[in-house]
Amino acid sequence: MQQRFHSYFNTAVQLISSYDGKMPLAAWLKNYFAANKKHGSKDRKYISHLCYCYYRLGQALPNVEVAEKLKVAIFLCNAEPGVWTGLFELEYIDNWNVELIRRIVFIQTKYAFSLEDVFPFAESLTDEIDKDSFIAGHFVQPDVFIRVRPGKEKTVTKKMEEAGLPFQQLTNDCIALPNASKIDTILALDKEAVIQDYSSQRIAEFFPSELTDKNITVWDCCSASGGKSILAYDHLHKMKLFASDVRSSILFNLQQRFAKAGIKNYHSFVCDISNELTESFTNDPVNFIICDAPCSGSGTWSRTPEQLAYFTRKKLEDYAALQKKIAGNAIKHLSKGGYFLYITCSVFKQENEEVVEFILDEVKGLKLIKSGALKGYNQKADSMHASLFLNQGDSFDTE
Ligand SMILES: C[S@@+](CC[C@H](N)C(=O)[O-])C[C@H]1O[C@@H](n2cnc3c(N)ncnc32)[C@H](O)[C@@H]1O
């Protein structure tokens with residue numbers, strides 16, 4: 001039995017030693033398992049867990065060899081030794097405390113280790129973020145969240161109870177489930193419920209309430225497969241939607257999701273908004289622009305810890321420059337009295353507060369209505385930023 005876990009450990013060491021961070025870890029492991037059919041589903045689960053644990057140490061212990069660092073990672077990322085007991089010397093087992101802080105203190109008796117080493121960008125964090133809680137959050141696998149669509153509350157709860165799925169109702173329409181819960185076979189996704197992180201769902205708190213049930217135009221200018229668009233549709237109801245992204249493949253996904261979600265009044269199109277648009281997609285300026293900008297994703301790194309391990313400051317500068325271009329170009333299409341919502345899933349000032357300052361400096365007549373961090377680290381969720389601007393001027397003529 002124990003031999004099996006030693007073998008998982010050795011496989012994980014080999015995999016980590018050959019991974020270079022260029023591809024998402026999930027896709028890279030999927031390719032490896034597809035090419036190595038000898039690993040059954042339990043093997044895949046344990047080996048993946050070990051690889052993820054390793055990257056959860058971020059940029060700490062750079063000079064410690066992979067096998068040794070992996071042991072530290074297992075120790076810090078698991079509240080108890082469980083199946084990994086046989087890999088550890090007695091002193092580790094004796095010091096394996098359920099409280100993370102106690103385990104960190106033990107590791108500090110053996111290595112020069114600190115939370116700042118895991119995430120060496122702490123000075124760039126948005127002020128609202130609690131540094132230690134945020135960094136320690138990387139040792140924990142986040143939950144999966146679903147947003148129940150309007151009117152589907154009873155159906156969804158009933159289906160989940162009947163399937164015996166463990167879940168936690170966080171709000172009327174937000175449900176948390178353990179990672180890797182199989183919900184796609186139980187729920188009609190996008191029709192009854194949307195897979196959407198808790199903080200991402202909370203972006204609805206930034207939707208201007210006076211737009212609800214008005215005949216408005218909404219442009220989701222970095223739409224991806226439409227998570228924010230569907231959120232806006234569920235809250236604002238009567239809207240004509242424009243959804244664009246630089247990637248045509250993702251818009252195909254959006255169209256499929258919109259069909260399931262029952263969204264018909266929309267136009268989707270490929271558009272690189274880091275350049276000024278040469279022709280407009282609509283005759284009139286837009287009443288509400290959602291700009292969920294490409295970003296470092298630093299608020300989501302507990303889901304993709306390999307990104308933390310391979311992140312460099314240079315990437316941060318590139319993202320901030322792109323965000324300023326995208327926001328500056330998108331805002332030109334905003335109507336007077338219209339709203340612009342800037343969103344990132346980043347925790348860095350350079351991508352949040354500094355872009356907000358840039359927007360306020362560059363675009364005269366914009367007023368910042370609401371701005372802040374959506375902190376997910378205490379809920380096993382992502383952290384995000386949102387800022388809502390009003391283009392002060394005439395009110396809508398949309399009635
Ligand atoms: C954070 S994601 C958007 C997520 C989406 N709003 C959702 O809720 O699912 C950012 C998106 O911006 C797109 N993007 C990146 N650069 C872009 C550009 N120059 N113009 C338009 N879209 C861009 C990416 O392809 C990506 O889909």
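## Around the ligand

Ala, Val, Leu, Ile, Met, Phe, Trp, Tyr, Cys and Pro count as nonpolar here, Asp, Glu, Lys and Arg as charged, and the others, Gly among them, as polar. Sorted that way, the shell around the ligand splits into eight nonpolar, four polar and five charged residues. Keep in mind that this is a predicted model.

The shell holds 17 residues, and the ones that come nearest to the ligand are Cys 222, Ala 224, Gly 227, Asp 292 and Pro 294.

## The nonpolar core

In soluble globular proteins, nonpolar side chains tend to be buried together. In this model the largest nonpolar core has 104 residues. Leu 50, Val 218, Ile 289, Cys 291 and Leu 341 have the most contacts inside that core.

Take Cys 291 and skip its neighbours within four places in sequence: what is left on its contact list is Cys 221, Cys 222, Ile 326, Ala 327, Ala 330, Phe 340, Leu 341, Tyr 342 and Ile 343. Cys 222 from that list also turns up among the residues that come nearest to the ligand.

## Two helix pairs

Two packed helices are described by the angle between their axes and the distance between the axes. For helix 1 (residues 2–18) and helix 4 (residues 66–77), that's about 115° with the axes 10 Å apart, and the crossing is right-handed. On the helix 1 side, Phe 9, Ala 12, Val 13, Ile 16 and Ser 17 do the meeting; on the helix 4 side, Val 66, Ala 67 and Leu 70. That contact is made up of seven nonpolar residues, one polar and no charged.

Next up are helix 14 (residues 313–331) and helix 15 (residues 353–362), which pack at about 40° with axes 10 Å apart. Their crossing is right-handed. Helix 14 brings Ala 320, Gln 323, Lys 324, Ala 327, Gly 328 and Ile 331, while helix 15 brings Glu 354, Val 355, Phe 358, Ile 359 and Glu 362. By class, this contact has six nonpolar, two polar and three charged residues. Ala 327, part of this helix contact, is in contact with Cys 291 as well.

## Two residues up close

Leu 251 belongs to helix 12 (residues 248–261). Leu 251 has 21 C-beta neighbours inside 10 Å, so it counts as buried. Leaving out residues up to four places away in sequence, Leu 251 touches Asp 245, Ser 268 and Val 270. Ser 346 sits 95 residues from Leu 251 in sequence and 23 Å away in space, C-alpha to C-alpha.

Lys 214 lies in the loop between helix 10 (198–201) and strand 5 (216–220). Lys 214 is partly exposed because 16 other C-beta atoms lie within 10 Å. From Lys 214 to Leu 236 it's 22 residues in sequence and 7.6 Å in space, C-alpha to C-alpha.

Terms used: Residues are numbered from 1 along each chain as its sequence is written. This is a predicted model: local features need pLDDT of at least 70, side-chain atom pairs count only at pLDDT 80 or more; totals for chains, interfaces and linings use all residues. A residue is near a molecule or strand if its C-beta atom, placed from the backbone, lies within 6 Å of it. Helices (H or I, at least four residues) and strands (E, at least two) are DSSP runs, numbered from the N terminus. A residue is buried if 20 or more other C-beta atoms lie within 10 Å of its own, exposed if 12 or fewer, and partly exposed in between; C-beta atoms are placed from the backbone. Axes are lines fitted to C-alpha atoms, for helices over the stretch in contact, and angles run from 0 to 180 degrees between N-to-C directions. A crossing is left-handed if the near helix is turned anticlockwise from the far one by less than a right angle, and right-handed if clockwise. Two residues are in contact if their C-beta atoms, placed from the backbone, lie within 7 Å. A nonpolar core is a set of buried Ala, Val, Leu, Ile, Met, Phe, Trp, Tyr and Cys residues joined through C-beta atoms within 7 Å.
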